[in-house]
Amino acid sequence: MQQAANPIAEGQRLMTICNACRYCEGFCVVFPAMERRLTFAEADMNYLANLCHNCAECYYACQYAPPHEFSVNVPKVFAQIRARSYQKYAWPGFASVSPWWALAAGVVVTALLAGSRSAAAADFYGVISHKVMVTAFAAVSVIILMVHAAGFLRFWRESGEGLAEFFQPAVLFKAARDALTLKNLDSNRVGCTYPNELHSQARRRFHHFTFYGFALCLASTTVAAGYHSVGWIAPHPYFSVPVVLGTLGGIGLLIGPAGLYSLKRQRDTAIVDVKQDSMDVSFLALLFLTSLTGLLLLVLRETNVMGALLRIHLGVVLGLFLTLPYGKFVHGIYRSAALVRSVLEASRGQD
Amino acid sequence: MVGGGNAALCAALVARESGVSVMVLESAPAEYRGGNSRHTRNMRCMHEASTEVLTDAYAEDEYFDDLLRVTEGETTKQLARLVIRDSLRAAAWMKSYGVRFQPSLGGTLHLGRTNAFFLGGGKALMNAYYAAAQHRGIRVHYNAEVTELHIRDGKFESGRMQLNGQPTEFRARAMVAASGGFESNLEWLEAVWGEAARNFLIRGTPYNKGKLLKLLMDQGVESVGDPRQCHAVAIDGRAPKFDGGIVTRLDCLPLGIVVNKEAERFYDEGEDLWPKRYAIWGRLVAQQADQIAYSIIDSKVIGRFIPSVFPPIAAPGIAELAAKLGLPAQKLEATVREFNRAVQPGSFDHQVLDDCRTEGLIVSKSHWAQAIDKPPFYGYPLRPGITFTYLGVKVNERAEVQGLGSGTNIFAAGEIMAGNVIGKGYLAGLGMTIGSVFGRIAGKEAARAAGR
């Protein structure tokens, strides 16, 4: 049984084997979704690959894993298919923007916007005016929201489902719960086989630190923007709502990405597509740097390095935002949408 | 522990619980460890009430009656009762070592009541055992094939093995033989079955060569079981010689007709429900010329069975299909025509013994007989696929091998002694139950013998 060079064709070959075996159906949502199909078009493969959380349990449990001549390696091939699908759904179509280039661009743009204004300690808007900051970030945010929406629509349209199918409260609720708890990285409450074949909760926990850290930082910014609109201007005291949220989020964004990176260093390379490391690592690095520069800014805001730190921090954040639609961040969009589709299909099966 | 599958690891872990030092000699390399256990997916468990993964009840007597029926009485009743009674306790013990169970898989042969399924299948089960073994300081040697046994006064003293290709001596105060049957030893199969054996496919591990079984028999250990008895099913003829496992099975035989290389039908494809009949088809195909047969179906039944890993051979007409399969075209057309004419009206339901049957044929089809008339037509080549052999060593209820006198320190568990319980026929999931129950007994007794 010949392995195929093209990831889609190889994925189709694997699904034929998996569908005749089905031993893995208790592991995650991918295999029940597979069993609902008899044939696997490219759209099916993109869906299944984005549904896969890359936990690798199916690889370690597989009687046909290499060196068996069937050479079944679902997590690795699905990772390759996912990478292709990210390019396919990205809008505009130039998906291979280097995240490092974007980071550099962000720093430069911020430095230019800030000009050569000098500022007193803790006077953020002496370094960069509130108007410029808000305008720049609002513009970037609108762009990335549009890009993400376009990517999502492309993914969803490929499924053949209508948009109305997506917006069903019961379905969305269940999918959101699965996404927010990372149920599929928790193989029946013992975690997943990452970074090696022994079960561990490490990856799931570090992902939680990262995701919820990111969410808290967003919440902090939102609250601070609200404060600003009522004339309550940053910097805020250490025990104010935005600073506490931001600090907690920032700690999460240090622990999470550092932990995920450390796991990545130890992981079994048999199950991953190593070509994607630059995409993964640059995203982790940007998250980590966002938090690090933000926390440093908090601690050193009363000193004369504040101006430089603020520019660096804003530059990193801008870089992070600019790379979101073309980097690892998009996995969250497509995986969540795939989870919605999986819940939708399963609910039909029970009719 | 000589062997590296379910029985060997159960024995190793139990022995280790008593504090003795344990060494596991697995003849396969690490990536193929676990013998045939790596291809399994469930074990048959007695239970008085429904459990997390088993529905209803499956009481001792029903289990025992099932066993009597399939073996036609060829079982050691006392050992069979022992296996049945301890089956649920063995499963609970396995759980304590990290083995996970799940409700029955979709598309399985209605086993949700009787069989507890391993989450992720047998290889996941073996991974849990090996992780536990490592954690508890059990030494595991891979690529370790035992070549000599030194037995004095009925007691094992030392042995020799090829360890990574190097001759190496080993000693132990007790030994457990849990090294499987001889189904992947092609010379031995041919000695038993003649040249026909060359066309057999081996569904499981290539490492069950029966070398330890032979060594023990040569040393005077009593054997049990007929060397010709084996569990064999009809699998896809395109499967690899070894290790094809579950994905090469074909469940479509009762949905169409099965012909030999002369394009003639030779057995009632609809004799009984498939779960009760699939295990006779290996032997049936083995008895045909060149040990080959073909399952022929039409488009009506696609989607009613789990597909094999190999795509069916398709053609718009019966003659074209015959050409693709290498069958005499006119003969196949005649066989299909004759079959279609004999089909009686009825309401088709492949889940139950329906009333669709033929009339007037020499080889009738008792159920699920539908005319093969909706193109495209499909064919699957079939070969006998051996799962395991029944020849083994005789044991008592303490898992001691027989024939070496009392007080021996050699015990046996798993496929190498399964013939004590199943002399013929098979019950799905019983092999793993025997392995777990006797593995635990052998481990406990070996630890006790080592402590003497």
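This is a predicted model: local features need pLDDT of at least 70, side-chain atom pairs count only at pLDDT 80 or more; totals for chains, interfaces and linings use all residues.
Helices and strands are runs assigned by DSSP, a helix being at least four residues and a strand at least two, and they are numbered from the N terminus. D243(B) is not a glycine, yet its phi is positive, at about 70 degrees. Is D243(B) buried or exposed? D243(B) has 24 other C-beta atoms within 10 Å, and because 20 or more count as buried, it is buried.

Let us stay in chain B and move to its nonpolar residues. In soluble globular proteins, nonpolar side chains tend to be buried together. Here the largest nonpolar core has 228 residues, and A11(B), V176(B) and A412(B) are the ones that touch the most other members.

A glycine tells a related story. G435(B) belongs to helix α11 (residues 430-451) of chain B. G435(B) counts as buried because it has 34 C-beta neighbours inside 10 Å. Although G435(B) and A7(B) are 428 residues apart along the chain, their C-alpha atoms are separated by 4.3 Å. Not counting residues up to four places away in sequence, G435(B) touches G5(B), N6(B), A7(B) and C10(B), together with A413(B) and G414(B).

Next, look at how helices pack in chain B. Two packed helices are described by the angle between their axes and the distance between the axes. For helix α9 (residues 318-325) and helix α10 (residues 329-342) of chain B, the angle is about 130 degrees and the axes are 8 Å apart. That angle is why α9(B) is called oblique to α10(B). The crossing of α9(B) past α10(B) is right-handed. On the α9(B) side the contact involves I318(B), A319(B), A322(B) and A323(B), and on the α10(B) side A329(B), L332(B), E333(B) and V336(B). By class, this contact holds 7 nonpolar residues, no polar ones and 1 charged residue.

The axes of helix α10 (residues 169-181) of chain A and α15(A) come within 9 Å and cross at roughly 130 degrees. Again, the angle makes α10(A) oblique to α15(A), and the crossing is right-handed. From α10(A), the residues in contact are V171(A), L172(A), K174(A), A175(A), D178(A) and A179(A), while α15(A) supplies S336(A), L339(A), V340(A), V343(A), L344(A) and S347(A). The residues of this contact divide into 8 nonpolar, 2 polar and 2 charged.

Helix α15(A) also takes part in the surroundings of helix α3 (residues 42-51) of chain A. Of the 10 residues of α3(A), 8 are buried, so the helix is largely enclosed by the rest of the structure. Those buried residues are D44(A), M45(A), N46(A), Y47(A), L48(A), A49(A), N50(A) and L51(A). They pack against α1 (7-21), α2 (30-35), α5 (74-89), α8 (130-159) and α15 (330-349) of chain A.

The loops of chain A deserve a look too. In the loop between α10 and α11 lies P195(A), and the peptide bond joining Y194(A) to P195(A) is cis, with omega about 10 degrees. N188(A) lies in the loop between α10 and α11 as well, and its phi is positive, near 50 degrees, though it is not a glycine. N188(A) is partly exposed, with 16 other C-beta atoms within 10 Å. Another cis peptide bond runs from P66(A) to P67(A), with omega near 10 degrees, and P67(A) is in the loop between α4 (57-60) and α5.

Finally, consider where the two chains meet. The contact draws 26 residues from chain B and 24 from chain A. On the chain B side, the largest share, 4 residues, comes from helix α4 (residues 122-135). That side divides into 10 nonpolar, 10 polar and 6 charged residues.

Terms used. Residues are numbered from 1 along each chain as its sequence is written. Chains are lettered from A and ligands numbered from 1 in the order in which they are written. A nonpolar core is a set of buried Ala, Val, Leu, Ile, Met, Phe, Trp, Tyr and Cys residues joined through C-beta atoms within 7 Å. A residue is buried if 20 or more other C-beta atoms lie within 10 Å of its own, exposed if 12 or fewer, and partly exposed in between; C-beta atoms are placed from the backbone. Axes are lines fitted to C-alpha atoms, for helices over the stretch in contact, and angles run from 0 to 180 degrees between N-to-C directions. Angles under 35 degrees count as roughly parallel, over 145 as roughly antiparallel, 65 to 115 as roughly perpendicular and the rest as oblique. A crossing is left-handed if the near helix is turned anticlockwise from the far one by less than a right angle, and right-handed if clockwise. Two residues are in contact if their C-beta atoms, placed from the backbone, lie within 7 Å. Ala, Val, Leu, Ile, Met, Phe, Trp, Tyr, Cys and Pro count as nonpolar, Asp, Glu, Lys and Arg as charged, and the others, Gly among them, as polar.
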